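Here are my notes on the model you sent. Please read them with the structure open.

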Amino acid sequence: MKENVIKRVMASLKCGVCRQRYEPDNVTVLGHQEDLWFLKVFCPACHTQYLVAAVIKEGEAPEVITDLTEAEWDKFKSAVGLTANEVLDMHNFLKDFDGDFFRLFGRE
Ligand SMILES: [Zn+2]
């Protein structure tokens, strides 16, 4: 699937903080593993930056697995021992990951 399609799909979601709808330009694609996409989303209204893992299929609403603010992401990085460069190779991590983000982050 093309990145501009992903950006359009993600722009249908709203910011978890202020409920502002994202614009396609606010979405950066970091990588993907089949239908699992790893994205950076910036809210133009409240300036919160999220790192989002979502299952995105063409013609379907995205299924957001997790959206983390930068502060949460810092915690996540130290929890799994990732360096900044490895973050960009996130799809390799996700390939071996069982998908249970909630267990990983210890929150419901
Ligand atoms: Zn916002």
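1. Read along the sequence, the protein chain runs α-β-β-β-β-α-α-α-α. That gives five helices and four strands. Helices here are DSSP runs of H or I with at least four residues, strands are runs of E with at least two, and both are numbered from the N terminus.

2. A word on the basis. This is a predicted model: local features need pLDDT of at least 70, side-chain atom pairs count only at pLDDT 80 or more, and totals for chains, interfaces and linings use all residues. Residues are numbered from 1 along each chain as its sequence is written, and side-chain values use heavy atoms, with hydrogens and water left out.

3. The four strands form an open sheet in the order β1-β2-β3-β4, with antiparallel pairing. Two strands count as paired if DSSP finds at least two bridges between them. β1 and β4 (63–69) stand at the edges with a single partner strand each, so one side of each has no neighbour in the sheet. On average, neighbouring strands of this sheet are turned by 20° against each other, direction ignored. The axes behind that angle are lines fitted to C-alpha atoms, for helices over the stretch in contact, and angles run from 0 to 180 degrees between N-to-C directions.

4. Take the β3 and β4 pair. Strand β3 covers residues 49–55, and six bridges join it to β4 in an antiparallel run. Leucine 51 stands opposite leucine 68 in β4.

5. Now the loop between α1 (3–10) and β1 (27–33), where asparagine 26 sits. Is asparagine 26 buried or exposed? Asparagine 26 is buried, at 14% relative accessible area. Buried means under 20%, exposed over 50%, and partly exposed in between (1.4 Å probe, protein chains only). Beyond its neighbours within four places in sequence, asparagine 26 is in contact with Lys40, Val41, Phe42 and Pro44. Contact means heavy atoms within 4.5 Å.

6. Proline 24 also lies in the loop between α1 and β1. Proline 24 is partly exposed, with a relative accessible area of 29%. Leaving out neighbours within four places in sequence, proline 24 is in contact with Lys7, Arg8 and Ala11. Serine 12 is 12 residues away along the chain, and its C-alpha atom is 8.9 Å from that of proline 24.

7. Whole-chain totals. Buried residues make up 33% of the 108 residues. Of the contacts with a separation of 6 or more, 35% join residues 24 or more positions apart. The accessible surface comes to about 6,500 Å², and 46% of that belongs to carbon and sulfur atoms.

Definitions and conventions. Accessible areas come from the Shrake-Rupley method with a 1.4 Å probe; for residues, only the protein chains shown count as cover.
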